[in-house]
Number of protein chains: 2
Amino acid sequence: MKDTALSERKLIILKAIIQNYLETGEPVGSRTLSKYTELNLSSATIRNEMADLEDLGYIFQPHTSAGRIPSDKGYRLYVDMLMEDKEEEITKRENAMLEKADKVEKVLQQAAKVLASNTNYATLVSAPVNSRNTLKFIQLSQVDSEQIVAVIVLGGNVIKNKIIEVGETLSNETLLKLNMLLNTTLNGMPIDQITLGLIARLKEQAGIHSEVVGHVLDAVAEIIHVEDDMKIYTSGATNIFKYPELSDKQSAQEIISAFEEKQQLEELVTETLASESGNGIQVYIGDETPVKTMKDCSVVTATYELGEGMKGTIGIIGPKRMDYEHVMKTLKTLQGELDAIYNKNPKE
Amino acid sequence: MKDTALSERKLIILKAIIQNYLETGEPVGSRTLSKYTELNLSSATIRNEMADLEDLGYIFQPHTSAGRIPSDKGYRLYVDMLMEDKEEEITKRENAMLEKADKVEKVLQQAAKVLASNTNYATLVSAPVNSRNTLKFIQLSQVDSEQIVAVIVLGGNVIKNKIIEVGETLSNETLLKLNMLLNTTLNGMPIDQITLGLIARLKEQAGIHSEVVGHVLDAVAEIIHVEDDMKIYTSGATNIFKYPELSDKQSAQEIISAFEEKQQLEELVTETLASESGNGIQVYIGDETPVKTMKDCSVVTATYELGEGMKGTIGIIGPKRMDYEHVMKTLKTLQGELDAIYNKNPKE
DNA sequence: GTTAGCACTCAAAACAAGGGAGTGCTAATA
DNA sequence: TATTAGCACTCCCTTGTTTTGAGTGCTAAC
C-alpha cells in the first residue's frame, strides 16, 4: 500500500465517510457504507478498506468497536481534492441589507451577521487595514481655549479624530497657517512615507508652533498604527452551541472568550492577510489554525480588497465537520459583494 | 405567623441561609445551620423555623429531602434589609489603568474590564447618552471635489463626523462662510433646541447653499439620535460559565447572545436610566429584570453622571447568588471613579 | 478479490442497591 | 410553652452490575 496514491475505491469510500460524518456527526461504520448505493460492496470489504485508510491516517476510531471519524489529514484531502463545488444559490435577500447600510462599520457588522445567518457558524469580518494607505486631508480646529481637534481623513474616506491639548490659545491665522503647512506637505502622501526627516522639516517650518505640529503628527502615527486600528466585527459566536463537539464548557468558554476579547482573532486576521492563496480563500483545519484555542475547529477565511491595496478579511469558524462547500461558496459570494460595494463607491 | 413582620430569629436564620448559599451554591440544611455558632439551636428547632420561612415564601426546597434555597423574595429581603455594607478595600491597582486611557471608548471598555476582573461576573458599561447635550462646534472641510466632511464636536468632547456628498465643488470662501454661519448660530446650543424653525432660518441664510446646510443638519440629527448612538461595552460574558446554574447550554446560549447582540442590553440600560433610585444603584433579582433572558440572573446597575445631565450606566450580571455586598461596593467605587475622571476633564 | 460468519470489544443504556443528607412528626424534656 | 431528641421516611446521588447493540478483525469459504 503506497502512501503516494490512494486507489480510486479508497477515495470513494473516504469521501463517503466524510460526507456522512459531516451530515450526522456520528462515527460511521462499515454497514452504513455498504448500504450506500454507489458502491455495491459488502460491509466486510469496506472494513478492509477502512482498516487501510486508518493505517494511512485518514480516519480513526474514537474507540475500539466504534465507527470511523475523519482525521485532520482526511479533512484536508477532502477539501483539497474530493470536494465538489456546490453551485447553489445563496439567499440574495439578506444581502440587500448590505447595500443599504452606509457607514463602513455598519456594513461590516451587517456582513458578519449575514454570514452567520447564512452558515450557522461563528463569523468575523475585519475592517480594511490601512497600511499602504494615503493621508488625504488634515484639518485642525479650535474647540476650546486650550484644545484643538485634529481631523484626519485617510484614503477610502476613513475619518479619524483626536483632541490635542495645547498650552496656549492659538489664533485663527495661526491655525490657518498650520493647516496650510500640513496639507501642502502631506496631502496625498502614503503614510509609510512620512519619515522622521520629513517630520523634523515640518516642525522646523512651523517655527514656534513646532510643538503643536509634533502633537498632530503623533496623532497621525497613533491612528495609523495597525494593531491599534484593527477593528474586528463578529457575529453568531453562540452558534457553536449547535455543535456538541464544541459546546462542552471548556471549549465553549475558550472560543467565546476569543470572540469577546478579539485579541486572538487579530492574530488570525494578520496571519490570513500575510499568507495569501490564489483566490484568497484559505482553510485551516484543526491544528493548522494560527490560534491555539481553535484547535478543535476549522477556520475558513477570505480576503477582500478595497482599492489601493487595502485589505480586509472575512471568516467563519465552526466545527471540523463543517459544510466546507457551502461555506466556501458563501464566503466567495460575500467577498464579491464587498468588493463590489467598495468599488462602486465614489472612486478614490 | 403574621406576614407583616418576621421574628428576629427568623431573620437571623434567613440571613444565615442566604449567606451560606451565596458561598457554597448548595442547598443548606438544618444541621449545617445549627452548627452555626451565633444561634445555639438544635437542628429540629431550625427545621421548624425553616418550615415557616418556606410557608412565607422566602425559601424553598429544590426537592423533598433537600436543604433550602432562597427564593427571589428571600434575596429581595436580604438585599433590602439584611445585608450589611462591606467596607472592604477594592484593588486600586487596576483602576490606575483607567486613568491612562484617553479616548472615551477606551476608558469605558477598560471600565467594563476592570469591573469584570474585580467581580467575576459579566459586566456592561454604557456610554453617556447625549440627549440634553450641547453642540459645541461644527467644522466643514473640503475633502474631495464632491465631498465634504462635517466634524461635529459635542459637549464632553464627543466627536462625530460624516461625509457629505455635494453635487458641486464649493469654494474656500463659501466653506468659510458656511462654517461661520453654522457656528455663530449653533455653538453652545443644546441640541434639543435645534428646531425646525431654526433650521429653516439657517437654510434661508445660506442662500444657494441651503442644500448643503440641510445635509449638515441631517447629519447632526442622525448623530444625536439616541438609540442609534447608544454604545455598550461589555466584558467577562464568559464568566457565567463559572456558575453551574447558568451554564447549561440553554441559558449560556441565551445570555451570551444577549451580550453579543447588545440589543437586549439597551433595554436594560434605558430602563435603568429611566427609573433612578437614591444613590443610583439598582438591584434586579430574577424576574424583576427588564430583560426576559436574564430571569435566572441578578442584575445590579449604577448610573454615573458626566456634567450636563449626561448619564451612563455600569452594571453587572451574574447568578442570583451573587455577592451583592461586594458587587454594590465595587460598583459604587467605579461610579465614583468615572464621575471623577469626567469632572476633572477640562471643564465643559 | 470478495464475502459470510463468528467471536470479541466497548460505550452507552438500564437496572439495582446502598448511603447520606435532609425532612416532618411525635413524644419527651426543661 | 418552647425546645429538643429520636425515628421513620423520602429522594438524590453514587456505585456497581448487567444488557444491549453497533461495530470491528479475522478466518474460511466462494
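Tutor: A side-chain N or O atom of B:Arg9 lies 2.7 Å from a phosphate oxygen of DNA strand D. The model is a predicted one, in which local features need pLDDT of at least 70 and side-chain atom pairs count only at pLDDT 80 or more, while totals for chains, interfaces and linings use all residues, and side-chain values use heavy atoms, with hydrogens and water left out. Residues are numbered from 1 along each chain as its sequence is written, and chains are lettered from A and ligands numbered from 1 in the order in which they are written.

Student: What makes the pair formed by B:Arg9 and DNA strand D a polar contact?

Tutor: A polar contact is a pair of N or O atoms within 3.5 Å; within protein, one atom must be able to donate a hydrogen and the other to accept it, and residues adjacent in sequence count only if both atoms are side-chain atoms. The 2.7 Å of B:Arg9 meets the distance limit, as does the 2.5 Å between a side-chain N or O atom of B:Thr45 and a phosphate oxygen of DNA strand D. For B:Thr64, the side-chain N or O atom is 3.5 Å from a phosphate oxygen of DNA strand D.

Student: Which residues come nearest to DNA strand D, and what makes a residue count as near a strand?

Tutor: A residue is near a molecule or strand if one of its heavy atoms lies within 4 Å of it. Of the 20 residues around DNA strand D, the nearest are A:Ser30, A:Met50, B:Arg9, B:Thr45 and B:Ser65. Sugar or phosphate holds 72% of the atoms of DNA strand D within 4 Å of the protein, and bases hold the rest.

Student: Which residues are closest to DNA strand C?

Tutor: The closest of the 20 residues that surround DNA strand C are A:Arg9, A:Thr45, A:Ser65, B:Ser30 and B:Met50. Sugar and phosphate make up 73% of the atoms of DNA strand C that come within 4 Å of the protein. Two or more residues of the surface near DNA strand C come from each of helix H3 (43–55) of chain A and helix H3 (43–55) of chain B, where helices (H or I, at least four residues) and strands (E, at least two) are DSSP runs numbered from the N terminus. H3(A) gives the most, four residues.

Student: How do you know that the surface near DNA strand C has 12 polar residues?

Tutor: Ala, Val, Leu, Ile, Met, Phe, Trp, Tyr, Cys and Pro count as nonpolar, Asp, Glu, Lys and Arg as charged, and the others, Gly among them, as polar. Sorted in this way, the surface holds four nonpolar, 12 polar and four charged residues.

Student: Why is B:Arg68 called buried?

Tutor: Buried means under 20% relative accessible area, exposed over 50%, and partly exposed in between, with a 1.4 Å probe and protein chains only. B:Arg68 has 11% relative accessibility, and therefore counts as buried. B:Arg68 lies in the loop between strand E1 (59–60) and strand E2 (69–70) of chain B, and its side chain makes a polar contact of 2.7 Å with the side chain of B:Glu54. Beyond four places in sequence, B:Arg68 touches residues including B:Ile17, B:Met50 and B:Phe60, contact meaning heavy atoms within 4.5 Å.

Student: Why is A:Ser65 called exposed, and why is B:Asn120 called partly exposed?

Tutor: A:Ser65 stands at 68% relative accessibility, so it counts as exposed, whereas B:Asn120, at 34%, counts as partly exposed. A:Ser65 has a positive phi near 65 degrees although it is a residue other than glycine, and B:Asn120, not a glycine either, has a positive phi of about 65 degrees.

Student: What makes a set of residues a nonpolar core, and which members of the largest one touch the most others?

Tutor: A nonpolar core is a set of buried Ala, Val, Leu, Ile, Met, Phe, Trp, Tyr and Cys residues joined through side-chain atoms within 4.5 Å. The largest has 54 residues, and B:Val300, B:Ile314, B:Tyr324 and B:Leu331 touch the most other members. A second, separate core of 52 residues includes A:Leu11, A:Ile17, A:Tyr121 and A:Tyr243.
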